[in-house]
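This briefing concerns a predicted model. Please view the sequence and the structure together before reading the points below.

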Amino acid sequence: MCGLSVTPYNISLLDIDYVCVKAPMFSFTRLRGADPTLGVEMASTGEVACFGDDAHEAFLQSLLATGFKLPKPNSSILLSIASDPFREEFGESAVMLSKLGFKLCGTPGTVQYFKEHYQLDMKVVTKPVNDKDDADCPTTGAPSALMEIKEGDVELVINISEGTTRKDEITSGYLIRRAAVDFGVGLITNNKCAVWLVQAMEGGFEKFKAKSISEFYSLHKY
């Protein structure tokens with residue numbers, strides 16, 4: 001475009017000592033009532049690409065660049081995973097969250113699974129049946145998942161409804177996800193992304209520092 005000659009430069013991926021991860025951005029906060037979960041036919045409203053010294057650092061930086069909020073140390077995280085295969089896949093990550101000092105709470109089935117298989121001590125919260133269902137359970141006294149989100153008692157929600165066809169699971173999952181978006185709580189709806197997030201946090205997320213692209217490479221080198 002400038003009329004200048006260009007010298008080709010062959011780049012080998014083995015010679016690059018940094019990683020780039022691209023993350024999509026969605027406008028669920030502007031779409032009132034929309035289900036903030038992702039499907040194969042969805043189009044993002046924007047994307048960000050971020051660099052890191054390794055894949056987990058780049059992944060975490062790309063999430064933060066989209067406006068994602070990390071939970072503060074020792075805060076509460078809400079887990080609601082509908083099916084056993086996804087619970088098993090996330091099992092070691094749940095254990096790691098507990099070791100990192102986070103307080104875990106979850107819906108009844110999720111809590112029971114992680115207690116039986118991983119001996120995790122988690123607080124039970126009730127699944128909502130509608131958007132007004134924010135009262136404590138009259139039988140057990142367990143708090144409502146919606147109230148925990150609305151009151152700011154949890155700072156991250158990991159909700160995986162994939163793998164279930166039960167109507168109550170689908171409905172409660174939507175209500176939890178929607179509440180997380182409406183009240184500005186970090187939300188993860190993909191199991192593999194949830195695992196990657198925990199792995200990135202394990203590397204010392206409280207020490208994480210954003211870097212300029214010039215710290216990774218410069219066009220002047222080529």
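Ile-81 belongs to strand S3, which covers residues 76–81. Its relative accessible area is 1%, so Ile-81 is buried.

**Surroundings of Ile-81**
- Beyond its neighbours within four places in sequence, Ile-81 is in contact with several residues, including Phe-86, Phe-90, Phe-114 and Ile-160.
- Gly-106 is 25 residues from Ile-81 in sequence, and the two C-alpha atoms are 8.6 Å apart in space.

**Surroundings of Glu-148**
- Glu-148 is found in helix H4, residues 145–150.
- With a relative accessible area of 7%, Glu-148 is buried.
- When residues up to four places away in sequence are not counted, Glu-148 touches Lys-123, Val-125, Pro-143, Asp-153 and Val-154.

**Salt bridges**
- The model contains six salt bridges.
- One of them joins the side chains of Lys-22 and Glu-47, at 3.6 Å from N to O. This pair links distant parts of the chain, with Lys-22 in strand S1 and Glu-47 in strand S2, 25 residues apart. Lys-22 is exposed, at 55% relative accessibility.
- Another salt bridge pairs Glu-89 with Lys-192, whose closest N and O atoms are 3.1 Å apart. Because Glu-89 lies in helix H2 and Lys-192 in helix H6, the pair ties together parts that are 103 residues apart in sequence. Glu-89 is partly exposed at 34% relative accessibility, whereas Lys-192 is exposed at 55%.
- Arg-178 and Asp-182 also form a salt bridge, at 2.8 Å from N to O. These residues are four apart in helix H5, so about one helical turn separates them. Arg-178 is buried, with a relative accessible area of 6%, while Asp-182 is partly exposed at 48%.

Technical notes
Residues numbered from 1 in each chain as written. Predicted model: local features only at pLDDT ≥ 70, side-chain atom pairs only at ≥ 80, totals over all residues. Heavy atoms only, no water. Helix = DSSP H or I, 4+ residues; strand = E, 2+ residues; numbered from the N terminus. Buried < 20%, exposed > 50% of the residue type's maximum accessible area, 1.4 Å probe, protein only. Contact = heavy atoms within 4.5 Å. Salt bridge = Lys/Arg side-chain N within 4 Å of Asp/Glu carboxyl O.
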